[in-house]
Amino acid sequence: MAGVKITWLGHSAFLFEAEKKLLIDPFISGNPLAPCSPEELNPDIIAVTHGHRDHLGDTIEIGKRTGCRIITIHEVANYIKSKGVFAEGMGKGGTVNVEGIKLTMTDALHSSSIDASGFSFDGGSPAGFIIRINGHSIYHAGDTGIFGDMQLISELYEPELALLPIGDKFTMGIKEATKAVELIRPRIVIPMHYSTFDVIKQDPEEFKRAVEAKVDTKIIIMKPGESIKL
Ligand code: NI
Ligand code: MN
């Protein structure tokens, strides 16, 4: 099976590199822990899980500079287009093949809006993605609470790697994310969306211990800028 290199850019931002480069949720310039600047990123595709600032991030700027394809839910795509950058909308449960990478949009239990000063634009509803790249299946859960259909997502797409939020307050915390791993049963989990800011401070070692006491899934704790290969 051909390889894929996965780099955590902090928070929920990941870069997947095979023949083509896919960037998800590029929140870089506002992230105090970001390992690079948005100008250093040259993806072929950007996928955005929802409209919140810490996910939409630098999408519009990177899209404008690189001309990359942008995939997100219909309402967020419309917002991006209103800023003069083309984006392709899709809906939950659907799959698109973009430059040989298959993206399936999954549900997420959260909210979505695009915040301006004093009001919000409609961000549709929040999502996650199943990414099938070079023979590998990966689940990026987006911002979400736990939900039972994670098991259905797992049955359908059999992800070997799941990227799960553990920061609590806005998403699952350690207790819920541990149960999510039991529902999904991937080979590997990388925790995300924690300790970027004090309000989502979390000890990933506690998550690792909780999961590894229950199932044989391996938890990989990364530092922003680090990579793994599948
Ligand atoms: Ni959010
Ligand atoms: Mn978030």
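The legends below describe close-up views of a predicted model. Residues are numbered from 1 along each chain as its sequence is written, and ligands are numbered from 1 in the order in which they are written. Local features need pLDDT of at least 70 and side-chain atom pairs count only at pLDDT 80 or more, while side-chain values use heavy atoms, leaving out hydrogens and water.

**View 1. The donors of the nickel ion (ligand 1).** His50 (NE2), His52 (ND1), His110 (NE2) and Asp143 (OD) coordinate this ion at 2.2 to 2.3 Å, where donors are N, O and S atoms within 2.8 Å of the metal (3.2 Å for Na, K and Ca). Along the chain, the donors follow the spacing H-x1-H-x57-H-x32-D.

**View 2. Asp143 between two metal ions.** Asp143 bridges the nickel ion (ligand 1) and the manganese ion (ligand 2), and the two ions lie 3.2 Å apart.

**View 3. His50 and His110.** With 0% relative accessibility, His50 counts as buried, whereas His110, at 23%, counts as partly exposed; buried means under 20% relative accessible area, exposed over 50%, and partly exposed in between (1.4 Å probe, protein chains only).

**View 4. The largest nonpolar core.** Among its 74 residues, Phe16, Ile131, Tyr139 and Leu164 touch the most other members; such a core is a set of buried Ala, Val, Leu, Ile, Met, Phe, Trp, Tyr and Cys residues joined through side-chain atoms within 4.5 Å. Not counting residues up to four places away in sequence, Ile131 touches several residues, including Phe16, Leu22, Ile24 and His140, where contact means heavy atoms within 4.5 Å.

Definitions and conventions:
Helix = DSSP H or I, 4+ residues; strand = E, 2+ residues; numbered from the N terminus.
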